[in-house]
Structures are given as C-alpha cells and as structure tokens.
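Student: I have a model open and would like to go through parts of its fold. Could you take me through it?
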Amino acid sequence: MMRTIEWEDGVVIIIDQTKLPIKFVLLRMKKCSEVASAIKHMKLRGAPLIGVAAAYGLALTAFHSKAEEREDLLKEIDESAVVLRETRPTAVNLFWAIDRIVGKARATPGEAMNVAKIVVAEAQRMANEDVEVNCKMGEHGSRLIEDGDGVLTHCNAGSLATVDYGTALGVVRAAWNQGKKIRVFAAETRPRLQGARLTAYELKRDCIPVTLITDTMVGHVMSRQLVNKVVVGADRIVRDAVINKIGTYNVAVLAHEHGIPFYVAAPISTMDLSHTSGEAVIEERNPEEVTNVRSIRIAPEGIEVMNPAFDFTPMKYVSAIITEKGVFSPEDLKTVHKDLKRQD
Ligand code: MRU
C-alpha cells in the first residue's frame, strides 16, 4: 500500500479521495497551483496531510523554477505560499507547514539551485516525520485502549488524513496490532461523509473490525454500551477548545453524558495554543453539500442553509490529548506546550 502522498522526481502523486471508496484514482501534479486546487476541492484532506501537501506544493515551485537568482526563487515561493494559504482556513497544519518551508528557504544560503534542493529535502523530511509522529501517537494512545473496547470515531483521522498510519486511527491501529480485540464505530460524518467513505474504507481494507453508523445513532450506541471510548483527530487545538470536523461537539457532549472518555489524538503541529476559539476561522463550505446528497438534490430550491465544516469542542469535554510526546490533560498541555515546541 502506497503512502497517501508521494514525491517522484518533480511530480506529486496523491490518491483522489473524492473518488473513494468506489474508485482508486491517482492524481499526478507538477504545479503548486494543482496542489492548491486539490486541497481546496478536498481531493486530499485531513489536517496533517494538508500540511504535507502544501510543503510539497512549494517543493514543486522550487523544483521547476527557472530562477537563477536566489531572490527570484524566494519571490516565487512567496507567491505560491499566498495561493496555498487561501485554500482552507481552519486546519493550522497548513500554515505551520508553509511557514516551515518558507523559513527554511529564507535561511538557506547560496544560489537558487541550492535553495530549491533544500526546499525539496525539507518537504520530504516533513512527510517522513508525519509518519513517525503518527506511530508515536499510536504507541502512547494505545495504552488507553483495552481489549474488548468499542471505540467511536468521527470523520476520518486515519492514514488517509495523514501521510500514513493516522492520528485517531493510528491509536486504533496500534491497539489492534498489539492484539487487543476492538471494534470501531465510524460515524458517517454528514455532509462530506468522510466516515462512511474513508474511515470505513481504510479500516475494512486493513481488516480492523468496523461498524458504520449515521451521525444520528451516536447517542443510541453509547446508551446501548456498544461504545466505551471515543477517539477523534483535530484540525486546530486552541486554548479553550478542540476544533474538529462538524459533529465532533455532539459526540463529545454525548460521551460526557454517558461517562465515556473522549480522547483527541493530534500532533504538536496541530496546536495553536496562543489563540482562543474566538480567533479561529471556521470554514464555511458550499451549501450544495447540505442541499444535495452527492449529486442528488434533497432540499427545496432557494432554502437557506448553513455549512460550517468544523465545530468547537470545549476543553471541559476532553479527557486527554494524545500527542507524539505523550498523553496530556488539556490543562497540562497548556503548560508543557512551549517546551514541547522548543524540542522540535
Ligand atoms: O474537512 P476534512 O476532511 O479535511 O476534515 C478532517 C478532519 O476534521 C479530521 O478529523 C482532522 O483533520 C484530523 S485528521 C488526522
């Protein structure tokens, strides 16, 4: 099985996730603008993968640039960065990755060719790091999972949302590989159906027991005691809340009501602890995602709709945050966060 994103000599190859699970289609991109469009139209998605894709987008700009002067290349990279920043506003990994590549390019001395080489190497390093970080998260998080658990997850925080292995599903994967007999309950995740299309697909592919439910069944499966842990990913963790796929907040409140631990698995690159929820931008997507199911219209013409892609789960509902550096309570994370970032 290939990684979700690959670099092959000036070409970025991704799985077109809008086609899954019906078709497995690879897309080959040579321009940063194509990567930006793929992010915007969710051909690839998931906070860590969006970050790595942006890094590879800038690597494409550098690799194919005809600039001879260093300053000219830096200008081209800056222009590509502007386009990438406009794609999706919520997942902080996008901005973290762009800043890291732009910073690396600026700090690299020498001619344009040397800068380009370093930029490509840095993007590749980020892709490899993502897999390592997910495996570490899996190792730490798997200690919270016991034999016989029913684990509910929302959206797709799996290998498809990362370069490989996954955040929330990385925890599941690690527990499963340790021989713990668990079952995942995947909430379908209206309107884009990442749970039904992607989580169900990748767990089934990897032979990890999974039951697909609609979002409206979450309370029911909890009250029937089919689920005793929740593990989700995150797009941005601010001081007072976890920002993740729309519907995560419902799951957290229901978990609280049923006394079920609610865990968030996210890398340090998803932390934005210098901001609060009031300062975060929630992406508002096309109303057709709500009025239509795939291409079939289900709502009356002219109806007003809302379509926020993410919601806020207040920290009081979060039992623990699983990172590559260990498992933290939300309170502890705030105090150790600066040290963790510095160690990077
Ligand atoms: O809109 P998406 O599909 O990009 O949203 C993805 C999520 O909300 C995931 O839960 C989050 O990015 C964590 S993925 C490891």
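Student: How many residues lie between strand 8 and strand 9 in their hairpin?
Tutor: Two residues lie between strand 8 and strand 9 in that hairpin. Please keep in mind that this is a predicted model.

Student: In which sense do strand 8 and strand 9 pair, and over how many bridges?
Tutor: Strand 8, residues 236-238, pairs with strand 9 in the antiparallel sense, over three bridges. Within strand 9, Ala241 is the bridge partner of Val238.

Student: And which residue in strand 13 is the bridge partner of Ile243?
Tutor: That partner is Phe312. Strand 9 and strand 13, the latter spanning residues 310-314, run antiparallel and are joined by five bridges.

Student: Is strand 9 mostly covered or mostly open?
Tutor: Strand 9, residues 241-245, is mostly covered, with five of its five residues buried.

Student: Changing topic to the helices: at roughly what angle do the axes of helix 1 and helix 3 cross?
Tutor: The axes of helix 1 (residues 32-40) and helix 3 (residues 70-85) cross at roughly 15° and come within 9 Å. Helix 1 is therefore roughly parallel to helix 3.

Student: Is that crossing left-handed or right-handed?
Tutor: The crossing of helix 1 and helix 3 is right-handed.

Student: Which residues meet there?
Tutor: From helix 1, Cys32, Ala36 and Ile39 meet Ser80, Val83 and Leu84 of helix 3. By class, this contact between helix 1 and helix 3 has five nonpolar residues, one polar residue and no charged residues.

How values were computed
Residues are numbered from 1 along each chain as its sequence is written. This is a predicted model: local features need pLDDT of at least 70, side-chain atom pairs count only at pLDDT 80 or more; totals for chains, interfaces and linings use all residues. Side-chain values use heavy atoms; hydrogens and water are left out. Axes are lines fitted to C-alpha atoms, for helices over the stretch in contact, and angles run from 0 to 180 degrees between N-to-C directions. Helices (H or I, at least four residues) and strands (E, at least two) are DSSP runs, numbered from the N terminus. Angles under 35 degrees count as roughly parallel, over 145 as roughly antiparallel, 65 to 115 as roughly perpendicular and the rest as oblique. A crossing is left-handed if the near helix is turned anticlockwise from the far one by less than a right angle, and right-handed if clockwise. Contact means heavy atoms within 4.5 Å. Ala, Val, Leu, Ile, Met, Phe, Trp, Tyr, Cys and Pro count as nonpolar, Asp, Glu, Lys and Arg as charged, and the others, Gly among them, as polar. Buried means under 20% relative accessible area, exposed over 50%, partly exposed in between (1.4 Å probe, protein chains only). Two strands pair if DSSP finds at least two bridges between them.
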